[in-house]
Amino acid sequence: EETIDPVIDPLLGRHTIKKGSCIKVGDKECFFHPGFRLILHTKLANPHYKPEIQAQTTLINFTVTRDGLEDQLLAQVVNQERPDLERLKVG
């Protein structure tokens with residue numbers, strides 16, 4: 001599905017309580033480590049999440065296409081053979 005369980009909304013928004021040391025998940029207060037990272041993944045090829053979710057998260061598209069792989073390979077070859085051209089492209 002393209003929905004996320006509302007019980008993890010406090011984690012997504014980092015809504016901490018008690019001076020930033022706890023977070024309320026469901027009806028329980030849990031210790032919240034400032035270095036905590038939540039990683040979710042989906043098998044959907046092109047998911048569409050609500051704008052609220054997109055604003056609170058970083059979405060990374062790891063879908064690999066043949067054209068994308070060809071572009072990456074070409075960039076590596078150009079970087080090895082003609083670094084001056086690669087600098088012009090990047091710069």
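A: In residues 2-88 the end C-alpha atoms lie 40 Å apart, and the span is 38% helix and 11% strand, where helices (H or I, at least four residues) and strands (E, at least two) are DSSP runs numbered from the N terminus. The model is predicted, so local features need pLDDT of at least 70 and side-chain atom pairs count only at pLDDT 80 or more, while totals for chains, interfaces and linings use all residues. Residues are numbered from 1 along each chain as its sequence is written, and side-chain values use heavy atoms, with hydrogens and water left out.

For residues 2-88, an unreviewed UniProt entry lists "domain: Dynein heavy chain ATP-binding dynein motor region"; such annotations may be inferred rather than shown by experiment, feature names are shortened, and positions are given in the numbering used here.

Strand β2 (residues 22-25) pairs with strand β3 (residues 28-31) in the antiparallel sense over four bridges, pairing being defined as at least two bridges found by DSSP between two strands. The two strands form a hairpin with two residues between them, and Gly26 in the turn has a positive phi of about 70°. Cys22 has Phe31 in β3 as its bridge partner.

The structure holds zero disulfides, a disulfide being a pair of cysteine sulfur atoms within 2.5 Å. Cys22 is in no disulfide, as the nearest cysteine sulfur, that of Cys30, is 8.1 Å away. Cys22 is buried, with a relative accessible area of 14%, whereas Cys30 counts as partly exposed at 31% relative accessibility (buried means under 20% relative accessible area, exposed over 50%, partly exposed in between, with a 1.4 Å probe and protein chains only).
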